[in-house]
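Here is a walk through one protein chain, from its overall make-up down to single residues. Keep the model open and follow along.

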Amino acid sequence: MSGRLSELIRSVRACKTQAEERETIAKECATIRTLLKTADNTQRHRCVAKLLYIHMLGYPTHFGQVECLKLIASPNFPEKRIGYLGLMAMVDERHEVLMLVTNSIKQDMNNPNQYVQGLALCALGNLASPEMSRDLQAEVEKIIKSSTNVYVQKKAFLAALRGIRKVPDLLTNYLPYVKQALTDKNPSIVIAGLALASEMACAKPKLKKKFAKYVETLVKALKSLIMSGYSPDRDVAGINDPFLQVRIIRFLCLVGENNAEASEEMNDVLAQVATNTESSKNPGNAILYECVRTIMSIEAESGLRVMAINILGRFLLNRENNIRYVALNTLCQCVKQNMQAVQRHRNTIVECLKDSDVSIRNRALDLVYCLVNKSNVESLVHELISFLQLSTSEKEFRSDLTSRITEVMEAYAPSAHWHMETLIQVLEKSGNVTKLKVPYRLAMLITDNPDLRAYTIHKLFASLKNDLSQIHLVIVALWAIGEFGTHLVSQEGVAAANAQSGEPQSAPFQLHTEQGVVDRVYACINEPVAVIKQYALVTLLKLASKFSPASLAKCQSILSEYKSNINTELQARACEFDSFLAPEFASLHESVLAPMPPVVKRPVADVFASVAGNDKEDDVEEPKETPPGVKEGTTTTTAPLDLLGIGSGLAPTTATQPAVATVDLLADLFGAPSPTAATSSTFDIFSADDPKLAAQSFADLEAFNQSGVKTVFSFEPVKCPGVFRITATFTSSRDDTISQFEFKAAVPKYIRIRLNAASSTTLAPGGPPVVQQIEVNNSMPEKPLLMKIKIDGKLPGDVQFSEAGQVSNFPPGL
């Protein structure tokens, strides 16, 4: 055994393998156990010191906990110090051994030696359980009231802080001593008192108004810290007592929130702090950060808010990544309060997207997302696309960036032409990392805007000639050519495309031959990506019904090549399509392979506007009416590209209204009997729905009503048994606002759910409700639907809000 702790450390460091280290520790622990069994062990403090080191390495040391109690009971200060250190390191408030140490701590708190008192109070402040806090409350209060020793008194205030956290009822016992601490001349006592008062205000928000009377005293103390000269005892990097300054400013933030009178008293001193504090060192940056948070939280003047945002702008120019991240995170919170001031730093924020640190890039992307509005959408999206072209960052970040660009355009696009052009640019720059909603949205735009259809088809066809490496671009181009390929081979289509291009005189688009179009699609089939082959086969099927008989024969010959393909998906499609193109089904080609009707898109601008903090009604895009010639409620989908149910991993379509009944035209291609009628989604001509299920409706259900938060579930008509969508609406009747609002749900294993993004993360009393959609798939409809729900959030003062419940009374038939 090594005699001293230093020898043990050297022997552990000399181990070359982990197995050798474990062996050394095991031998040492065995020796320590043997020594601790002796009745009168003079080496107990050395053994506990070694156990502390072994505990730091991650090895079990529970057998030494009782030895810490024996050292604490020792009259010698060195042994008592090791005992308290071991107790605080190896024990927490859940251990029953704490019951045995309560009396020793009580005795040490009454010890005349200030350092012994300090050890006891420090242990109480770190380990106190609710029972210990109640039992020792009188001793802590006695020290606060009668002790004149600053060292002991500040530790007593911190022990009282721990007691309030564990037993909020003790707040009334310690409340009379807040004034004593806040008006004390010693900075250490003031810091401890501010911590205690802040905890009280968080535990009982009504105390904020009572503590507002100390604002004048704290403002004077803060001014004296700013204006006083050099103090060697409390100077840190040229800043006079930055710890006390931060504590005072943080307390002013807590008290000044929703208090106009208190905020008025703080304005001048906060302006002085923001102006006079040096930002070249971290202590100064910490003070400025707290000053900015306070200014944006209280009812400060507009000029002071602009000054605070400019400070954050200076933070963005700092080389330290932590400071830049803090600035971006704070600007995200400030953008709702003063959009114009944040817009002045837009270029600096966009430059942060090029940072090598992924956390800074993500926060900058969130902030840019919040800055977009109708007036700057074109310039900002152009900058983001330029950055996307130059970016060499991670695939995940590029994917998030393209998704944000798409959402921004969805909410604030000035015109459909610009929207289409920009989506094509995004797909050309990063078609392989974009999420599927980007090509989906472009497909919906093509169907929703017939006047721009010819131009877009020619543009996408040109992209197939130039580059086939961007998979999603190729997919949407093939889909568009299959649906509206006649624009490529007609004079009217070429003339319309040139007119829509903005350069009709230069005629950028030329007439193509049917053979050229088919050959271009055939070139896509030769690509190694399976999903491109699948879409190319569907495109050939569509073109065969629109082009001349010569082109039909060419398409059939291409399909025949894949009737024996090793890929079963391609083989099945080729066989089905080739059989359907036979002459006996010629009369059905026009109806089955007709172009897709316009899609009723789902607006997302309302969700986007709530995130961006822009509540203007004219920024919210309303859903378009059903175009003429299309039956109302024919279909609603988010996946128009999945034309024939190809298993490409794309999102499935969802019918929200009864589908149009049609004949299952392809059911008998391989000898299967054909039913007389079936309902069919517009985009999946082989699927069938039950019109009786689609016609059902269900009453709204009050799922949750606790602690002032009410949740109502409304149900959309189902497409098939067990598949439906719930719209959850959350309202609040509380007096305070719930921030960081989050809804969670859990269901049995036979049920699958997906929670879409909520419309907002803030639930304010009397404000707009938070809306969130839940997609449910019950694989066993005969079993009852059960759901456990939980609502989390933060109340003012960083108080955690959490409520849970269970919903078991869902309407029958879901």
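Helices here are DSSP runs of H or I with at least four residues, strands are E runs of at least two, and both are numbered from the N terminus. The model is a predicted one. By that count the protein chain holds 37 helices and 13 strands. Of its 814 residues, 49% are buried. Now consider contacts between residues at least 6 apart in sequence. Of these, 66% join residues at least 24 apart.

T102 sits in α6, which covers residues 98–109. Is T102 buried or exposed? Its relative accessible area is 14%. The cut-off for buried is under 20%, so T102 counts as buried. A polar atom of the T102 side chain lies 3.2 Å from the backbone oxygen of L98. Setting aside neighbours within four places in sequence, T102 is in contact with M132, D135 and L136.

Move on to helix α17, residues 260–276. How far apart are its end C-alpha atoms? The 17 residues should span 24 Å at 1.5 Å a residue, and the ends are 25 Å apart, so the two values agree. The helix still has a kink of about 35°, centred on N267. N267 is also one of the buried residues of α17. An α-helix has 3.6 residues a turn, so residues three or four places apart point the same way. What do they pack against? Their partners are α15 (215–227), α16 (242–256), α18 (282–297) and α19 (302–316). At the start of α17, a side-chain oxygen of N259 comes to within 3.3 Å of the backbone nitrogen of E261.

At the start of α34, a side-chain oxygen of N567 reaches to within 2.9 Å of the backbone nitrogen of E569.

Now the strands. Five of them make an open, antiparallel sheet in the order β6-β7-β8-β11-β10. Which strands stand at the edges? They are β6 (701–706) and β10 (751–755). Each has a single partner strand, so one side of each is left without a neighbour in the sheet. On average, neighbouring strands of this sheet are turned by 20° against each other, direction ignored. β10 pairs with β11 (residues 770–778) over five bridges, in the antiparallel sense. Within β11, I774 stands opposite L755.

Finish with β12, residues 787–795. Seven of its nine residues are buried, so this strand is mostly covered. Strand β9 (residues 739–746) runs antiparallel to β12, and six bridges join them. Here A746 stands opposite K788. β12 also pairs with β13 (residues 799–807), again in the antiparallel sense, over nine bridges. F801 in β13 is the bridge partner of G793. β12 and β13 form a hairpin with three residues between them. In that turn, G797 has a positive phi of about 85°.

Key:
Residues numbered from 1 in each chain as written. Predicted model: local features only at pLDDT ≥ 70, side-chain atom pairs only at ≥ 80, totals over all residues. Heavy atoms only, no water. Expected span 1.5 Å × (residues − 1). Bend = angle between axes of the 7 residues up to and from the residue. Buried < 20%, exposed > 50% of the residue type's maximum accessible area, 1.4 Å probe, protein only. Contact = heavy atoms within 4.5 Å. Polar contact = N/O pair within 3.5 Å; in protein donor to acceptor, adjacent residues only side chain to side chain. Pairing = 2+ DSSP bridges. Axes fitted to C-alpha atoms, helices over the stretch in contact; angles between N-to-C directions.
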